[in-house]
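Dear colleague,

Please find the structure below, handed over for your files. My notes on what was found in it follow directly after.

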Amino acid sequence: MAGVRKIPERRCIGCGERFPKAQLIRVVRSPEGEISLDRTGKKSGRGAYLCHSVECLKRARKSNRLAQNLECEIPALIYDKLEAEIAADV
């Protein structure tokens with residue numbers, strides 16, 4: 001049994017499914033209040049996870065889950081920027 005490592009899982013706030021952490025995109029609110037994509041998973045701040053899908057971002061936006069998880073209001077401009085970055089990744 002020694003040497004078997006547990007793979008960390010996180011839940012997508014769009015679809016609610018669990019995935020290995022490395023397969024998801026982290027959206028982070030920095031201590032200064034700036035919202036951005038965290039490709040490394042190491043930025044400091046409050047984070048939320050999304051699939052590599054624009055649909056999941058749209059679901060999270062419609063249900064206001066991203067704002068609830070990051071504990072701040074998110075302007076439409078930020079959502080548009082995140083959507084463009086996720087679309088560019090796919």
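The protein exposes about 6,000 Å², and carbon and sulfur atoms supply 50% of that area (Shrake-Rupley method with a 1.4 Å probe; for residues, only the protein chains shown count as cover). Please note that this is a predicted model, in which local features need pLDDT of at least 70, side-chain atom pairs count only at pLDDT 80 or more, and totals for chains, interfaces and linings use all residues. Residues are numbered from 1 along each chain as its sequence is written, and side-chain values use heavy atoms, with hydrogens and water left out.

Along the sequence, the pattern reads β-β-β-β-β-α-α-α, that is, 3 helices and 5 strands (DSSP runs numbered from the N terminus: helices are H or I with at least four residues, strands E with at least two). Of the 90 residues, 32% count as buried (under 20% relative accessible area, 1.4 Å probe, protein chains only).

S36 is buried, its relative accessible area being 14%. Leaving aside residues up to four places away in sequence, S36 touches R26, V27, V28, K43 and L82 (contact means heavy atoms within 4.5 Å). With K43, the side chain of S36 also forms a polar contact of 3.3 Å (a pair of N or O atoms within 3.5 Å; within protein, one must be able to donate a hydrogen and the other to accept it, and residues adjacent in sequence count only if both atoms are side-chain atoms).

Yours sincerely

How values were computed
Buried < 20%, exposed > 50% of the residue type's maximum accessible area, 1.4 Å probe, protein only.
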